[in-house]
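Notebook open, structure loading. I'm jotting down what I look up as I go.

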Amino acid sequence: MVISSEGIVLRQRKIANNRRMIVLFTKRYGKLSAGTSINEKSKSRSALALRPFTYADYNIFKGREIYNIDSAQVNKSFYSIGEDIDRFLTASICIEYLDKVLAEGEPMPLLFDLTLEFLQSVSQAGKNAETLLLAYLFKTLKMLGVAPELSCCVNCGKRLEEFDKDKFKSFSVTSGGIICDDCAKEEKTDTNALIYRPSFDIIAVYVYFDSKPLKTFEKIDLKPEVSKEVRAILAEYIERYLGADVLGQGIGPEV
Ligand SMILES: [Zn+2]
């Protein structure tokens with residue numbers, strides 16, 4: 001049976017007999033691994049569709065246990081990503097992230113569309129695409145079913161209005177959301193607890209990222225000190241709830 005879907009390449013490696021194994025994120029079937037004999041060095045239409053940061057249509061033969069990419073056509077190549085080191089590193093983190101967090105065979109069409117928007121925006125971004133990356137990652141949390149609790153204390157349910165007057169609230173990675181002072185005190189007795197007290201309003205930042213289209217962040221940068229804190233919290237959060245360590249090696253501005 002031959003199936004077809006839009007997709008992007010997440011990873012590839014050489015296998016025997018001049019063949020390669022390609023890991024695709026397809027819109028219709030989710031992540032899937034497929035072999036192919038298409039020669040990467042050729043200038044054929046199909047070969048171009050196997051390059052990084054390319055959005056293409058793939059025709060895939062589905063056998064009983066294997067997939068094989070028979071042919072492909074480029075829809076759009078985000079080639080300008082490869083022309084700039086910041087864009088390249090930012091887009092590479094996104095691709096590595098998807099490869100780690102997606103389960104094979106689970107369609108995620110909204111996440112697929114968001115990823116296309118992200119690649120489009122990165123290919124047009126100014127020098128620093130860091131804010132774009134953070135916004136993208138925040139938006140994916142809800143789609144992946146691991147959104148943090150930000151409407152009340154994640155531990156005791158205390159409503160935000162009942163918190164102390166300080167608008168800078170504590171965020172517990174361990175518990176997965178905003179945490180009130182009483183619960184923070186209790187949780188801190190566990191030395192392994194990951195509790196942050198950001199120097200900014202983390203709820204406002206989240207709502208800002210969540211409510212605006214990605215395109216907004218092509219030209220907007222968070223303040224470097226805020227960006228660094230957001231990145232640190234997000235890195236811990238993603239590692240804990242999605243098992244992916246993709247923000248560990250900082251590419252962000254050193255401040
Ligand atoms: Zn509480």
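I started with two helices: the axes of H3 (residues 109–124) and H4 (residues 130–143) come within 11 Å and cross at roughly 175°. Helices here are DSSP runs of H or I with at least four residues, strands are runs of E with at least two, and both are numbered from the N terminus. The axes are lines fitted to C-alpha atoms, for helices over the stretch in contact, with angles from 0 to 180 degrees between N-to-C directions. Angles under 35 degrees count as roughly parallel, over 145 as roughly antiparallel, 65 to 115 as roughly perpendicular and the rest as oblique, so H3 and H4 are roughly antiparallel.

Which residues meet there? From H3 I noted Leu110, Leu111, Leu114, Phe118, Ser121 and Val122; from H4, Leu132, Tyr136, Lys139, Thr140 and Met143. (Contact: C-beta atoms, placed from the backbone, within 7 Å.) By class that contact has eight nonpolar, two polar and one charged residues. (Nonpolar: Ala, Val, Leu, Ile, Met, Phe, Trp, Tyr, Cys and Pro; charged: Asp, Glu, Lys and Arg; polar: the others, Gly among them.)

A caution to myself: this is a predicted model, where local features need pLDDT of at least 70 and side-chain atom pairs count only at pLDDT 80 or more, while totals for chains, interfaces and linings use all residues. Numbering runs from 1 along each chain as its sequence is written. pLDDT is the predictor's confidence in each residue, from 0 to 100; the protein averages 91, and 96% of the residues score at least 70. Over residues 249–255 pLDDT stays under 50.

Next, strands, which pair if DSSP finds at least two bridges between them. S1 and S4 (residues 54–62) are antiparallel over seven bridges, and nine bridges join S4 to S5 (residues 67–77), also antiparallel. A hairpin of four residues joins S4 to S5.

I found an open antiparallel sheet too, in the order S7-S6-S8. S7 (177–179) and S8 (195–196) are at the edges with a single partner strand each, so one side of each has no neighbour in the sheet.

Last, the domains: domain 1 is 2–77 and domain 2 is 80–255, with bounds from an automatic or database domain assignment. Their C-alpha centres lie 30 Å apart, and 13 residues of domain 1 are in contact with 18 of domain 2.

Methods:
Two residues are in contact if their C-beta atoms, placed from the backbone, lie within 7 Å.
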